[in-house]
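Here is a short report for a reader new to this structure. Look at the sequence and the model first, then read on.

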Amino acid sequence: MAGSSNEKQTGYKQELNRALSFTDLLIYGLIFMVPIAPFGIYGQIAVGSHGMVALAYAIGMVGMLFTAISYSKMSSAIPIAGSVYSYAQRGINDNVGFIAGWLILLDYIFIPALLYLVSAVALADIVPQVPVLVWLIIFIAFNTVINIRGIVFTAKTNKIILLLEFIVLAVFIIVGIAAIAQHINGATFTFKPLFNASQFSIPTVMGAVSIAVLSFLGFDAISTLSEESNGGKKAVGRATVFSLIIVGVLFIIQTWVAALIFPNYNAFKSQDTAFYQVAGIAGGDWLRIVTIVATAVSWGIADALVAQTAISRILYSMARDRKLPHILAKIHPKYKTPYVSTILVAIVSLIVTTIFASQIGKLASVVNFGALSSFLLLHLAVMNYYLRKQKSKNYLAYFVMPLIGFLVIGFVWWNLDSLAKTLGFSWLAIGIVYLIFLKIFGKNIKISDDLS
């Protein structure tokens, strides 16, 4: 019955396993965004924001909140696994949908590689005898097997790792506050990590925000599980908004504490391991090692696991519509997962990590280009779908709010570095050429706009 109902509503046969509750979706979003995400990129943001790390995350959260609301609106109206690809396709038209999907592919294809790389570099700091490549192979192989085994198995793994992340975060915050109270390293309470008038400038802070938003990428991935949710059409949207707010608050708290313990952001031994240096000052070498291992497990296993899940669903959705090779839409007969897409993501991750092995910051910027560009199209899809197609008169919900989201994301996008834009526009150009090829030589499936 569930399968036939979904087919009538969306035009697709229900092939994926509809087994995820609202809690599972919320955990999925939290895992993807990683409650301890700042551990891995704290140094870059601290230096880029001139010490105003908490402010960079606060702005990032507010900006992303408008995007999360747009995702919530579209996931309720269009409960399909393709995320922004499906939303732009149904909300605007098929061509824009393809471009949105192509752009988010840049984000989701590269982000597992980025996560694996951050984790491998973290472990290399405490086990330098093991080559980074070995850690990469271990992480990629482990996650690929779990993802093929099924979404329920993935969800159970997520719950265990999320609990461990919360424990580590709580330990750091408690130890950090104690260090501040004891004035370790000259620490004292101040609002400077949130706002420092002597160092503040919009270009400076927004440049840091363009990196900080990397930590928030993941709330959007909840929408890729729309065809695996059993909590109704609104469950995906609610999980999207709630998960973003929860991690945003956690990001602000932990980076504020870290900035108070080590206010001289220009004195880090290395930007890539800055947070671990702070942890070592606050609690000793044991806390430094704990934060390193926690980063490796949360980024290299938990976050990369859900990232691989998300991109495999988008590849599946686009291949199902014949926008990509149809073999990527193959479902495992036993586990009901898009296993060919999952294996492809693993192969691409290994290649990308090899290419960007010593350029984590640049890889992060490239990831952000794909995500932010697709978010811009998402906000336009909300306006077009509700105001033009659905004839809604609720201009506050369907014009003002997505417009604010569009402007905020657009401003952050504008501050991306030149390499990200060069590679991003090159990727976009390839996508446009491929789309033209599909129009001339390909066989496209006509998608109905009627979801009522």
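Rings of Phe, Tyr and Trp (its six-membered ring) form a pair if their centres lie within 6.5 Å; planes under 30 degrees apart count as stacked, over 60 as edge-to-face, and the rest as tilted. The structure holds 26 such aromatic pairs. Some of them are described below.

This is a predicted model: local features need pLDDT of at least 70, side-chain atom pairs count only at pLDDT 80 or more, and totals for chains, interfaces and linings use all residues. Residues are numbered from 1 along each chain as its sequence is written, and side-chain values use heavy atoms, with hydrogens and water left out.

## Overall picture

The protein has 16 helices and 0 strands. Helices (H or I, at least four residues) and strands (E, at least two) are DSSP runs, numbered from the N terminus. Of the 452 residues, 59% are buried. Buried means under 20% relative accessible area, exposed over 50%, and partly exposed in between (1.4 Å probe, protein chains only).

A contact means heavy atoms within 4.5 Å. Among contacts with a separation of 6 or more, 83% join residues 24 or more positions apart. The protein exposes about 17,200 Å², and carbon and sulfur atoms supply 69% of that area. Accessible areas come from the Shrake-Rupley method with a 1.4 Å probe; for residues, only the protein chains shown count as cover.

## Rings and charges

Which rings are linked into a cluster by ring pairs? They are F39, Y42, F172, F262, F268 and F275.

| Pair | Distance between centres | Angle between planes |
|---|---|---|
| F39 and F275 | 4.2 Å | 20 degrees |
| F98 and W102 | 5.8 Å | 25 degrees |

F39 and F275 link distant parts of the chain. F39 is in helix α3, F275 is in helix α11 (residues 274–283), and 236 residues separate them. Both F39 and F275 are buried.

F98 and W102 are 4 residues apart in helix α6 (residues 94–124), so about one helical turn separates them. F98 is buried at 0% relative accessibility. W102 is buried too, at 9%.

Charges also meet rings. A charge sits over a ring if NZ of Lys or CZ of Arg is within 6 Å of the ring centre and within 35 degrees of the ring normal. The charged end of R238 sits over the ring of F22, 4.2 Å from the ring centre. K421 lies over the face of W413, with 5.2 Å to the ring centre.

## Buried residues on helices

Q254 lies in helix α10 (residues 233–261). Its relative accessibility is 0%, so Q254 counts as buried. The Q254 side chain reaches the backbone oxygen of P35 at 2.7 Å. That is a polar contact: a pair of N or O atoms within 3.5 Å, where within protein one must be able to donate a hydrogen and the other to accept it, and residues adjacent in sequence count only if both atoms are side-chain atoms. Leaving aside neighbours within four places in sequence, Q254 touches P35, I36, P38, F39, L169, F172 and F275.

L287 lies in helix α12 (residues 285–320). L287 is buried, with a relative accessible area of 0%. Beyond neighbours within four places in sequence, L287 is in contact with V171, F172, V175 and A279. Q277 is 10 residues from L287 in sequence and 9.7 Å away in space, C-alpha to C-alpha.

How many residues of helix α5 (residues 84–91) are buried? The count is 8 of its 8 residues.

Helix α13 (residues 339–355) has 17 residues. From first C-alpha to last, α13 reaches 25 Å, close to the 24 Å expected. The expected span is 1.5 Å times one less than the number of residues. The buried residues of α13 include V340, S341 and T342.

## Two loops

S49 is found in the loop between α3 (38–48) and α4 (53–77). Is S49 buried or exposed? S49 is buried, with a relative accessible area of 0%. The S49 side chain reaches the backbone oxygen of I45 at 2.7 Å. Not counting residues up to four places away in sequence, S49 touches T204 and A208.

H50 lies in the loop between α3 and α4. At 29% relative accessibility, H50 counts as partly exposed. Most residues other than glycine have a negative phi. H50 is not a glycine, yet its phi is positive, about 55 degrees. H183 also has a positive phi, near 60 degrees. H183 lies in the loop between α8 (151–181) and α9 (202–212).
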